[in-house]
Amino acid sequence: MLSNKCGKRRNTYFSNYVVFDLETTGVSCNTDAVVEISAVKVENGAVVGEYSTLVNPGRSIPHYATEVNGITDEMVKDSPDFEEALSGFLDFAGDAVLVGHNIHAFDMKFIYRDAERFWGKTIGNDYVDTLQVARAYLPQLRHHKLTDLAEHYGIGTEGAHRALNDCRMNQQIYEMLGKEMSNPSKEAKAVRKCPRCGNILRKRSGRYGEFFGCSGYPECRYTENI
């Protein structure tokens, strides 16, 4: 939903939520554009709807981006622009909590940027980044990419890197992570978590030496002395 204030990152399980994912022309939220947006709506842990559309970015899609997501200029030439596609997504999501993988560092930046550009507002939905959750509750895994988590839980990865397929995969992963959160492993219990927001505390260095700081900085500025 459009708002004057960004939503907060949450580190917990919700039974009602909307998983979303973007495919883009590149990795820069300053210069790149969205070419696909998809979402899966969940109520009481069950999928109740999907939203997906290709997006015409108004520019040529670089070859390296097509190599990752398979989306070409020909595929998007008759697709809506992102203003129309983002409006459709916001109507679909309403005020639900948003869920996605690495969305704190990537996807949210694109939709914040373009909501401001189109309508002079931001997105007020709280959100859960499953990458951060997985790092906190599956510390024994060496890697936490979406496909790594899917393989860990025995979830199929066919069609990865297309937005809707990634949403479907991530929805199943988030449900499994919900179980991890309700019954954390010995390894997960040993991970230091912020008492304010639940994100991981990381060892940092400052003017007066090392300290523990919340990985949710700058939204959360909690620190602990070592």
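How many aromatic pairs does the structure hold? I found seven aromatic pairs. Rings of Phe, Tyr and Trp (its six-membered ring) pair if their centres lie within 6.5 Å; planes under 30 degrees apart are stacked, over 60 edge-to-face, and the rest tilted.

A note on what I am reading: this is a predicted model, where local features need pLDDT of at least 70, side-chain atom pairs count only at pLDDT 80 or more, and totals for chains, interfaces and linings use all residues. Residues are numbered from 1 along each chain as its sequence is written, and side-chain values use heavy atoms, leaving out hydrogens and water.

Next I looked up one pair.

Are Y17 and Y174 buried or exposed? Both are buried, meaning under 20% relative accessible area; exposed is over 50% and partly exposed in between (1.4 Å probe, protein chains only).

Then I turned to charges over rings (NZ of Lys or CZ of Arg within 6 Å of the ring centre and within 35 degrees of the ring normal). The charged end of K41 sits over the ring of F92, 4.6 Å from its centre. I also found R192 over the face of F212, at 4.3 Å from the ring centre.
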